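My plan is to look things up one at a time and jot down what I find.

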Amino acid sequence: MIPALFVLAYLAIVLYIGIFAFRRSRGQSEDFFLAGRSLGPWVFLLSLFGSHMTAFAILGSSGHAFNFGIVTYGLMASSSALVVPLCLLFIGTRLWSAGKRFGLITPVQIFRDRWECGHIGTLIFCLQAALLVPYIVIGVIGGGTTLSVLSGGWIPFWLGGLLVALVVMSYVFFGGMRGTAWVNAFQTVLFLGFGAVAVSLISQGMGGFVAVTERLLQNPRTASLLTRENFSLTTFLGYTFNPLSAIAFPHIAIFCLTARKVTQFKRTVIFYPVCLLLIWLPCVYLGVAANQATDVPAIAAKVEAKAATGRPVPGDDVMLLLLGRYAPVWVAGLLGAGIMAAVMASDSQILALSTMFTEDIFAFYGGKQRFGETAQIATGRLFVVLVTAFAYFTALNAKVAIFDLAVQYAFAGYAAMAPLFVAALCWRGSTKWGALAATLFVAASTVALYLLPRGFTIAGFAPVVPMTLISAALVWGVSLLTPKPSAATIERYFPPASV
Amino acid sequence: MKTPLVVTTIALFYLLHQDWWHWPVARPLAFSFLPVGLWYHALYTLAAALLMAALVRWCWPAGLEREK
């Protein structure tokens, strides 16, 4: 129960940060939704990284490594270390520039302005919003699981999820982007700082790093987890497409607009891989090592079930179980708070959805003009409450398998939307019809992906590969055949100096 | 000249991610406990940070700052 008290204290701190940010707000929509485009370099790096790393990064990575071994790191972390900073450098900076120069707040606003379209932008909003909801649900599930496991079941899942949902809703409601960014920066420092401590303490408890690895190698059931012999090379290759989703995630794209100056991207681009290493390496190693922790009854049951069925088992709680067994109580509490920090990344997603709704729907269809800016912010706050409530009740009824499933199709969908961003910001010849063709294809293929059996592949590749390539081909091909936006618009986005 | 060099470097770096030559083996172990498939990718991640530092140095979109 004591670790859970640390987590509750942590929740109180982040709530206070949100309320403190509220006192600094100026009551303007740009201030609420983008923190007045005023984030400094370190807050920008830490908050952007924190908002990208969800429950998937800590609980999901260790659970995946528990089942599949060290391949998890190469699948998710090192591929992201290359692709995500490249996206930020070449696309994120251009998003920032367009947002700053033309006073735009969301990606859909930029698409509408760049391609001179209205309803196509609404369609893109609908697709982005539909793909984001599962991500928010994942945060609530992760929060409920963390509090329930750390308290030894004293706090039930429904109450843990409710507490997390209420705290996140409150600081997003009051603090807007400033509160969310400050909380994310604080959370990132916490979980980066405690990752190394966690791996060290747990490994010592299990007899030391060297002994753990040797035992894993000597056990025929676990030796293959330290290689990648059971994993196909084409699947590994296909996973390198998933990080393209980063720039198409609305919460990441909107975060790109919060930087005070474009030069603040420099530190983020360079240090992003280092942050990934610090969080993913301990999680993956511990996830694999958990296969040796058979003195933990819940883990022993999972290992037995895995051996008996030959299939993966739900492993999202192995990190928390290791923590409860091997770390001193007060350290487990602090580390639990660190894990909770990563789990609660759903804050920026809730805010992004609220920002998109108020700007892309409410303001675009005349709400801001008719009711004013104060009503627009109030609408944004109301939307925060509604989205959080929806995510909470969905999480209560969700099965654990949905965690994995939702991430799979959200990643594929967003990665396939990345060509829209490249086309809008890097190619003068792109048109709204090309964007429409790609959007309709991504929507249809994401629905198909959801309905198809789990693990479906095309020529050995995960669906994200053909989805992204076909989406890019559609933007390109259809744009070549259809009329371009006006020369004045193209000149605004591609002034002679930048060509 | 600069663009082809940058594209080639990034493509080579992408290929280095597909380390099929380490696929079925766990050894050599770094620090006697990290299997090769893990420490190779940890080093790759650090190398990515160095690549990003080089790209920021030589491929920074300076035009975006001037356009403000």
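Below are my entries, in the order in which I made them.

**Entry 1: the kind of model**

I began by checking what I have in hand, and this is a predicted model.

**Entry 2: the core**

I looked up the largest nonpolar core and found that it has 188 residues. Trp280(A) and Val288(A) are the ones with the most contacts inside this core. I then asked which helix gives the largest share of the core. That is helix H8 of chain A, residues 157–205, which supplies 20 residues.

**Entry 3: H8 against H19 in chain A**

Helix H19 of chain A covers residues 373–397, and its axis comes within 10 Å of the axis of H8(A). The two axes cross at roughly 165°, which makes H8(A) roughly antiparallel to H19(A). I noted the hand as well: H8(A) passes H19(A) in a right-handed crossing.

From H8(A), the contact includes Trp158(A), Gly161(A), Leu162(A) and Ala165(A). From H19(A), the residues include Arg381(A), Val384(A), Thr388(A) and Tyr392(A). Sorted by class, this contact has 13 nonpolar, two polar and one charged residues.

**Entry 4: H7 against H17 in chain A**

I turned to another pair of helices. Helix H7 (residues 119–150) and helix H17 (residues 346–363) of chain A have axes that come within 9 Å and cross at roughly 160°. That angle makes H7(A) roughly antiparallel to H17(A). Is the crossing left-handed or right-handed? H7(A) passes H17(A) in a left-handed crossing.

Among the residues that H7(A) brings are Phe125(A), Gln128(A), Leu132(A) and Tyr135(A). They belong to a contact in which H17(A) takes part with residues including Gln349(A), Leu353(A), Met356(A) and Asp360(A). By class I wrote down eleven nonpolar, five polar and one charged residues for the contact of H7(A) with H17(A).

**Entry 5: H13 against H15 in chain A**

Helix H13 of chain A, residues 264–289, packs with helix H15 of chain A, residues 318–326. Their axes are 9 Å apart and the angle is about 80°, so H13(A) and H15(A) are roughly perpendicular to each other. Cys283(A), Leu286(A) and Gly287(A) of H13(A) meet Val318(A), Met319(A) and Leu322(A) of H15(A). I sorted these residues into five nonpolar, one polar and no charged.

**Entry 6: where chain B touches chain A**

How many residues of chain B are in contact with chain A? I found 34 residues of chain B in contact with 43 residues of chain A. On the chain B side, helix H1 (2–17), helix H2 (36–58) and helix H3 (62–66) each supply at least two residues. H2(B) gives the most, with 13 residues. The chain B side divides into 23 nonpolar, seven polar and four charged residues.

**Entry 7: the loop between H1 and H2 of chain B**

A cis peptide bond joins Arg27(B) and Pro28(B), with omega about 5°. Pro28(B) sits in the loop between H1 and H2 of chain B. Phe31(B) also lies in the loop between H1 and H2 of chain B. Phe31(B) has a positive phi of about 55°, although it is not a glycine. Is Phe31(B) buried or exposed? Phe31(B) counts as exposed because it has 9 C-beta neighbours inside 10 Å, and the cut-off for exposed is 12 or fewer.

**Entry 8: a positive phi in chain A**

Ala459(A) has a positive phi too, near 55°. I placed Ala459(A) in the loop between helix H21 (432–451) and helix H22 (464–481) of chain A. Ala459(A) is exposed, with 8 other C-beta atoms within 10 Å.

**Entry 9: two distances to close the page**

Arg57(B) is in helix H2 of chain B. From Arg57(B) to His41(B) is 16 residues in sequence and 24 Å in space, C-alpha to C-alpha. In chain A, Ala301(A) belongs to helix H14, residues 297–309. The C-alpha atoms of Ala301(A) and Val313(A) are separated by 10.0 Å, and these residues are twelve apart along the chain.

Note on methods: Residues numbered from 1 in each chain as written. Chains lettered and ligands numbered in written order. Predicted model: local features only at pLDDT ≥ 70, side-chain atom pairs only at ≥ 80, totals over all residues. Core = buried A, V, L, I, M, F, W, Y, C linked by C-beta atoms within 7 Å. Buried ≥ 20, exposed ≤ 12 C-beta atoms within 10 Å, placed from the backbone. Helix = DSSP H or I, 4+ residues; strand = E, 2+ residues; numbered from the N terminus. Contact = placed C-beta atoms within 7 Å. Nonpolar A, V, L, I, M, F, W, Y, C, P; charged D, E, K, R; others polar. Axes fitted to C-alpha atoms, helices over the stretch in contact; angles between N-to-C directions. Parallel < 35°, antiparallel > 145°, perpendicular 65-115°, else oblique. Left-handed = near helix turned anticlockwise from the far one by under 90°.
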